Amino acid sequence: MVFSSFSFLFYFLPVFLLVYFLVPAICRNAVLFGASLLFYFYGVREHPWYMLLIFASVGINYTTARFIAGCRQESWRRVWLSVGMTWNIGCLFVFKYLDFLSTNLNALLDRTEIDISIPAVNLVLPIGISFYTFQISSYLIDVYRRKIPVEQSVLRLGTYLCMFPQLIAGPIVTYSQVQERLGFRIHSCENVEEGFREFTIGLALKVLIANRVGNLWTQVGTIGFESISSPLAWLGIAAFTFQIYFDFYGYSLMAKGLGQIMGFEFPDNFQKPYMARSMTEFWRRWHMTLGGWFREYIYIPLGGNRRHPYRNLFLVWMLTGLWHGASWNFVLWGFLLFLLLLLEKKGLAKAFDRYPVAGHLYMLAVIPLSWLVFAVTDLRQLVVYLSRLFPFFAQPGGNGNVFQGDFAKYAEAYFLPLTAAIFCCTGIPRKLYEKGKYTFWVTAGLLILFWACVYCMYMGLDDPFLYYQF
């Protein structure tokens with residue numbers, strides 16, 4: 001079930017909110033936990049036994065955290081932490097990376113005379129497993145570090161892990177950020193109104209921009225990379241660049257709005273990333289909760305900037321690439337980002353700070369090229385697309401059957417959503433919104449946006465969120 005669907009907007013959400021606000025405050029965690037399980041079950045209904053993973057994650061992490069908190073000997077605390085983390089990371093590995101590993105091992109074995117073949121498991125990836133694995137792992141590690149007290153209530157821990165607004169695609173929320181609100185939270189008409197406003201803005205970004213420009217990227221793939229002109233190739237990757245941003249940013253705003261309605265304050269996940277002047281700055285503004293997780297639980301424990309900083313940076317970006325998917329293009333994507341960040345640490349970023357225009361021009365090229373490596377999982381097709389972007393590097397006679405008027409055709413067809421995407425990347429719409437937030441015209445504008453989204457969904461523009469696959 002996606003937020004941008006009739007089943008969520010007009011069935012699940014109204015019924016949930018009615019029950020949630022009618023029951024006594026002491027019962028609201030139970031209602032939220034139960035509704036979150038129903039929400040997740042709807043997503044995995046074709047593989048219902050995946051519900052056992054959620055229950056097991058709650059039970060195993062609840063139990064191991066209690067043992068960690070109850071042990072005085074450090075050695076036993078480490079043992080129980082290892083038990084919990086083995087379960088968390090082990091599940092993620094089995095479902096997400098086991099077939100990737102077996103496929104590559106088989107490829108290596110084929111080059112030898114060893115007659116062994118490792119069978120593929122072909123498991124379907126449980127929705128949101130990368131997100132909730134990181135989330136519950138942060139809780140376990142924080143209990144081990146004595147950063148937070150262990151949770152005594154299995155219901156509150158289950159509510160934290162399974163909260164449907166951010167269960168599937170984040171933001172990644174640490175337990176310390178919501179612990180107080182799980183015990184007591186204030187509900188008010190102002191919070192509910194503010195939450196619905198944020199939800200509507202996120203819905204509009206998803207349905208009216210991300211889905212529309214994403215359709216252009218889909219059409220480029222349908223045509224075939226060999227058959228597109230260079231201008232259309234640049235337009236296509238620009239479309240994906242906008243799609244992934246407004247898709248994920250829209251989801252994060254919707255999640256934050258839903259949390260606010262229920263009395264929670266989820267962290268911001270984006271801060272105008274496409275206005276950054278370097279890739280270093282970009283990744284401080286993009287998917288900030290994931291970056292914060294890697295910094296807090298991987299980079300700093302490895303030594304951070306104090307000990308082997310380049311090694312630590314390399315490991316973090318290799319893990320970041322693999323976290324996004326079990327494919328070599330994600331490994332390549334992480335490695336390329338590591339190289340760019342390393343160059344910026346060596347002085348390139350300081351140059352862009354002195355000359356901001358140069359920094360923005362640099363990012364204008366680097367951002368879509370980095371997303372190209374992310375978007376195209378087939379490395380051969382990636383090479384083909386690069387040859388379309390840079391035809392002077394292509395081999396003679398490799399142009400394929402290209403329709404020379406394709407750029408004009410698609411630029412005209414997608415002019416409005418692409419223009420809206422560029423404008424919304426600047427942050428100007430948010431400033432205008434904040435300035436006149438409670439005026440009649442802004443409120444009326446939000447209502448118009450909401451019903452425009454409903455109309456588009458009725459017409460079939462309710463695509464799943466890109467980050468659901470991670």
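How many aromatic pairs does the structure hold? The structure, which is a predicted model, holds 65 aromatic pairs. The secondary structure of the protein comes to 21 helices and zero strands, and 51% of its 470 residues count as buried.

**Overall form**

- Taken along the principal axes, the box that the C-alpha atoms of the protein fill is roughly 70 × 70 × 50 Å.
- When contacts between residues at least 6 apart in sequence are considered, 76% of them join residues that are at least 24 apart.

**Aromatic pairs**

- A pair of aromatic rings is described by two quantities, namely the distance of the centres and the angle of the planes.
- Among the 65 aromatic pairs is the one formed by Phe134 and Trp293, whose ring centres are 3.8 Å apart and whose planes stand at 15 degrees, so the pair is stacked, the cut-off for stacking being under 30 degrees.
- Phe134 belongs to helix α6 (residues 129-144) while Trp293 belongs to helix α13 (residues 288-302), and the pair therefore ties together parts that are 159 residues apart in sequence.
- Phe134 and Trp293 are both buried.
- Trp283 and Trp286 form an aromatic pair that is edge-to-face, with 6.5 Å from centre to centre and 65 degrees between the planes.
- Trp283 and Trp286 are likewise buried.

**Charges over rings**

- Arg45 is placed over the face of Tyr42, at a distance of 4.1 Å from the ring centre.
- Lys96 has its charged end over the ring of Trp323, 5.4 Å from the centre of that ring.

**Backbone with positive phi**

- Most residues other than glycine have a negative phi.
- Arg146, although it is not a glycine, has a positive phi of about 60 degrees, and this residue lies in the loop between α6 and α7 (154-162).
- The relative accessibility of Arg146 is 55%, and Arg146 therefore counts as exposed, for which the cut-off is over 50%.
- Lys272 also has a positive phi, of about 45 degrees, and is not a glycine; its place is in the loop between α11 (230-261) and α12 (279-285).
- Lys272 counts as partly exposed because its relative accessibility is 33%, which lies between the cut-offs of 20% and 50%.

**Cysteines**

- The count of disulfides in the model comes to zero, where a pair of cysteine sulfur atoms would have to lie within 2.5 Å to be included.
- For Cys424, the closest cysteine sulfur is that of Cys425, and because the distance from the sulfur of Cys424 is 7.5 Å, the two are too far apart for a bond.
- Cys424 has a relative accessibility of 23% and so counts as partly exposed.
- Cys189, by its relative accessibility of 66%, counts as exposed.

Methods. Residues numbered from 1 in each chain as written. Predicted model: local features only at pLDDT ≥ 70, side-chain atom pairs only at ≥ 80, totals over all residues. Heavy atoms only, no water. Phe/Tyr/Trp six-rings, centres within 6.5 Å; stacked < 30°, edge-to-face > 60°. Helix = DSSP H or I, 4+ residues; strand = E, 2+ residues; numbered from the N terminus. Buried < 20%, exposed > 50% of the residue type's maximum accessible area, 1.4 Å probe, protein only. Lys NZ or Arg CZ within 6 Å of the ring centre and 35° of its normal. Contact = heavy atoms within 4.5 Å.
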